[in-house]
Amino acid sequence: MTWVGREVRVRRYPAGPVAPGDFEVVEIEVPDPAPGQVLVRNTWTSVDPGLRLRLRPDAPAGYFAAFPLGQAMDGVMALGEVVESRAPGFAPGDIVSHAQGWREYAVVDPAAIQLGGVGTLTRLDVGDAEVSWFLGPLGGMGLTAYAGLHVVDALRGGETVWVSAAAGAVGSLVAQIAKLCGHRVIASAGSDEKVAWLREDLGVEAFNYRDGDLGAQLQDLAPEGIDVYFDSVGGDHLEAALDHLNRSGRVAMCGSISEYESESKGPRNLFLTVSKDLTLRGFRGSSNLHLREEMQDRLAAWLRSGELVHRESVFAGLESAPRALAEMIAGRTIGKTLVSIG
Ligand SMILES: NC(=O)c1ccc[n+]([C@@H]2O[C@H](COP(=O)([O-])OP(=O)(O)OC[C@H]3O[C@@H](n4cnc5c(N)ncnc54)[C@H](OP(=O)(O)O)[C@@H]3O)[C@@H](O)[C@H]2O)c1
């Protein structure tokens, strides 16, 4: 049987904020799967800030490769249903995750290691979960949140933890995991609606970083200082954290979204890492696959018991993926940003 489906391609690399016109949606005849391959009909695809780092001729050193112009975008997480299998271990009807998102049909090679292993074709045992959670708390977002707290030794509780971009996919999980582990959590986000959600639904202290001086707001909430900072923003946020971290404080360097569409903004106070014996620890979720099972067990239990709240901003239809990316970076989505397909 011949399948026809659409895929998103990059037309040009954006100079500033990403816009839907930087992409095109193209209809193609889907190739038949070769021996050893699987044909998947995608149902969900992910929208991640990291995609913006690959919308340029050269992605940052050590990161996933830049997206070539005029081709389907490889290395974007997706969920779907197997419609044809020529690979052992996969059968029509299987629900799978893989890394050939932003398209309606994908021909996937199960032997190919994708996105450091996080995106390698995997059959999912969905159980009583929602399928889309495997792009959120039970997938790469959960792993990133859990691994980030792990690498700065912050899964044991008893400290004060500041989480930035806390109403987003990773941040909302970090804030809740840290709280469930027994920390005092201070969360920041860029709108009053987000702050209300963080306070009322997630039960953490929260402030709007646009409401005045970042350092003054942190000082008001944590006059005794912070012990751990989970950084998704970089720039002014990281600078404020260095000012407010206590001696031997730790930073989980998860991302620096304030710099993805502009020049680097600092921090200007790096000497504080020396004077206060601080640890700044960069990490990638995909480098911590050994934590995935433990993370899924713990987060699935918290989701089942209602102790972990998960929220999604869903855009309908493949053609909405570029708009979803722009809206997310601009701060107009809450929780995990996703595109539903089909
Ligand atoms: N290390 C890893 O393996 C890994 C894996 C996944 C993601 N990440 C990183 O984790 C971070 C969060 O990713 P996510 O998928 O969870 O995205 P997200 O938080 O759901 O969405 C990004 C949010 O960042 C905030 N933001 C944008 N520009 C900002 C600025 N200049 N200052 C402060 N906040 C800003 C916006 O919310 P506001 O309304 O609050 O401004 C926006 O909604 C990103 O830096 C991403 O690159 C790292």
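Predicted model: local features only at pLDDT ≥ 70, side-chain atom pairs only at ≥ 80, totals over all residues.
Arg41 has Glu81 as its bridge partner in strand E4. Residues are numbered from 1 along each chain as its sequence is written, and side-chain values use heavy atoms, with hydrogens and water left out.

Arg41 also has a bridge partner in strand E6, namely Tyr105. A word on naming: helices (H or I, at least four residues) and strands (E, at least two) are DSSP runs, numbered from the N terminus. Two strands pair if DSSP finds at least two bridges between them.

Now strand E3, residues 38-46. E3 and strand E4, residues 78-85, run antiparallel and are joined by seven bridges. Four bridges link E3 to E6, again in the antiparallel sense. With strand E15, residues 336-340, E3 makes three bridges, also antiparallel; there the bridge partner of Thr45 is Val339. How much of E3 is covered? Seven of its nine residues are buried, where buried means under 20% relative accessible area, exposed means over 50% and partly exposed is in between, with a 1.4 Å probe and protein chains only.

Next, Asp109, in the loop between strand E6 (105-108) and strand E7 (122-123). Leaving out residues up to four places away in sequence, Asp109 touches Gly36 and Gln37; contact means heavy atoms within 4.5 Å.

On to another sheet. Six strands form an open sheet with parallel pairing, in the order E10-E9-E8-E11-E12-E13. Strand E10 (205-208) and strand E13 (279-282) are at the edges with a single partner strand each, so one side of each has no neighbour in the sheet. On average, neighbouring strands here are turned by 15 degrees against each other, direction ignored. Axes are lines fitted to C-alpha atoms, for helices over the stretch in contact, and angles run from 0 to 180 degrees between N-to-C directions. Strand E12, residues 245-253, pairs with E13 over four bridges in the parallel sense, and Ala252 has Arg281 in E13 as its bridge partner. Helix H5 (residues 214-221) packs on this sheet and touches strand E8 (160-163), strand E9 (184-189) and E10. The direction of H5 makes about 160 degrees with that of E10.

Last, the helix pairs. Helix H2 (residues 140-151) and helix H3 (residues 169-180) have axes that come within 9 Å and cross at roughly 50 degrees. H2 and H3 are therefore oblique to each other; angles under 35 degrees count as roughly parallel, over 145 as roughly antiparallel, 65 to 115 as roughly perpendicular and the rest as oblique. The residues in contact include Tyr146 and Leu149 of H2 and Leu173 and Ile177 of H3. By class, that contact has ten nonpolar, two polar and no charged residues. Ala, Val, Leu, Ile, Met, Phe, Trp, Tyr, Cys and Pro count as nonpolar, Asp, Glu, Lys and Arg as charged, and the others, Gly among them, as polar.

H2 also meets helix H8 (residues 292-305), with axes within 9 Å and a crossing of roughly 105 degrees. H2 and H8 are therefore roughly perpendicular.
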